[in-house]
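Please open the structure in the viewer and keep the selection tool at hand.

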Amino acid sequence: MKKCSWLVWILTFVLCMSLIPSPSHAAESAPPKREMRAVWIASVQNSDVKAGMNKTQYTTWARQTLDSLKANKFNTVIFQVKPTSDAWYSSKLAPWSAYITGKKQGTSPGYDPLQIMITEAHSRGMELHAWINPYRVTMPGETLKNLSSQNAARKHPDWVVKYGKQYYLNPGLPEVQDYLVSSVKELVQNYDVDAIHMDDYFYPYRIKNETFPDQAAFKKYGKSFKKIEDWRRNNVNQLVKKIYSTIKTTKPYVQFGISPFGVWRNQSIDKTGSATKAGVNNYDDLYADTRTWIKEGTVDYITPQIYWSKKLAAAKYGTLLNWWSNEVKVYAKTHPVNLYIGVADYKVGQDSDPAWKNKMELPNQIVSNRADRMTKGQMHFSLKSWKKNSLGYATIVKQQLYKYPSLTPASSWKDASQPVKPTSVQVKKEAAGRKIVIQDQASKQPRKYVIYRFAGKTLGSYEDARNIVDVVYNTKGKTVFLDKSARSDRTYTYGVKSVSATGIESKDAIIVKE
């Protein structure tokens, strides 16, 4: 009986192991050296960050949040800084957001939330993408009286339209476009952000039996268009183009990315659309012509929100992944566009679609992203859902897919030149680990460094993510990093490469052998 029970146990164990979904095989054999791993941090209605924190409390929250994301091998945060024609930063063009203090819009918190988040993100080697919502003025139920007198909607009531229970800046007015472009310029000029990010809120989602009230603007400014729908799409296209151009003339390396709704058009409407049956599409409902942005090169990255499971008949994840991948492959004529995918962490264990009751649904979507040649990573919506870790899915992602660090994808079309390697690197053994001091006297300073570590005195591959210790931002030519994961009873060889503002690594590394 004892031998038999052990045999049964062994057979059962082997069988169970063979049945456990394991998306990690490819990841373990060749973890990606470059992969976007971002999380959205939504401030609207205090979704992911609470109101009323003082500077100390907010800084503590930012550090703890970023420490946790860093430990889970995320390399980017998408921080919402303009949720409703307001600002989470010091601005002359928009009032302080009410979501910071919990008080009336325009109330100063006494500190700069964006600057703190940038400083803390960069000190951890993480990118900060500033997320803006261009047209939204209020959330449902709010009136214009809720707004600061300094809000553009209060200063220029003729810019504002009401649709449903919300107020919006009218996308068809040239003055609105100019204001929005100026807002982006101010943000890029004054803050060391890595990207400007917009999501899916362009013209608002349709409301049944209600027409968006922009007919007067169409009559005045849309005379060259036969259909108001074409004029609306052109308004959005022009804004996207102007924002892109403004960013590039202000700080050329800063990226511009958009995360649109997951369906451009259904195939039933347009034969070049996706084989889906979505009730909403970008082109006809939100007037967001994503194809044009890709084709004309007016974005650096695009992150379609494919918030459906791999089994949902109306809009299968794999079907849309393939469609967007092909869009980027075929239409990016002006310059390449990085394709990332927005994944629906908020649906795990929570959705009516039974596929989301499977803890492997989202991890398997990441595996599909990696298998696709054009897709370069994903963005998770959102922070609170990742932290909630429904069904333990986030633990699976961390342990099996985000096990090793990864660099953010490069955007070489903006500047493909390789930086020179750092001038010198010193490694000193300390009780807490290895202290690495990077000195750089190059006339053109790199934006970051990537630190590689190899066991013993033999160099390994710089293309293997398992050899990456960390990515660090250059701090004015003298950068200090503490490798806390180094063991005191071992010797190592370190290789340090420079990384340009567009993500290009230096050809050579400075090598230090202990």
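Is Val480 buried, partly exposed or exposed, by relative accessible area? Val480 is partly exposed, because its relative accessible area is 48%, where buried means under 20%, exposed over 50% and partly exposed in between (1.4 Å probe, protein chains only).

The model is predicted: local features need pLDDT of at least 70 and side-chain atom pairs count only at pLDDT 80 or more, while totals for chains, interfaces and linings use all residues. Residues are numbered from 1 along each chain as its sequence is written, and side-chain values use heavy atoms, with hydrogens and water left out.

**Strand β15**

Select residues 478-483, strand β15, which contains Val480; strands (E, at least two residues) and helices (H or I, at least four) are DSSP runs numbered from the N terminus. Leaving aside neighbours within four places in sequence, Val480 is in contact (heavy atoms within 4.5 Å) with Lys435, Ile436 and Val437. The C-alpha atoms of Val480 and Ile438 are separated by 6.3 Å, although the two residues are 42 apart along the chain.

Next, select Thr502, in the loop between β16 (492-499) and β17 (510-513). Thr502 counts as buried because its relative accessibility is 7%. Beyond its neighbours within four places in sequence, its contacts are Ala410, Ser411, Ser412, Lys414 and Asp415. A polar atom of the Thr502 side chain lies 2.7 Å from the backbone oxygen of Asp415.

**Helices α3 and α5**

Select residues 55-71 (α3) and 113-123 (α5), whose axes come within 10 Å and cross at roughly 35°. Axes here are lines fitted to C-alpha atoms, for helices over the stretch in contact, and angles run from 0 to 180 degrees between N-to-C directions. Among the residues that meet are Trp61 and Leu66 in α3 and Ile116 and Met117 in α5.

**Backbone exceptions**

Most residues other than glycine have a negative phi, and most peptide bonds are trans. Asn209 is in the loop between β6 (195-198) and α8 (215-221) and is exposed, with a relative accessible area of 77%.

Tyr287, in the loop between α10 (282-286) and α11 (290-296), also has a positive phi, of about 60°. Tyr287 is buried, at a relative accessible area of 4%.

Finally, select Phe381 and Ser382: the peptide bond from Phe381 to Ser382 is cis, with omega near -5°. Ser382 is in the loop between β10 (375-380) and α14 (383-388).

Definitions and conventions
Polar contact = N/O pair within 3.5 Å; in protein donor to acceptor, adjacent residues only side chain to side chain.
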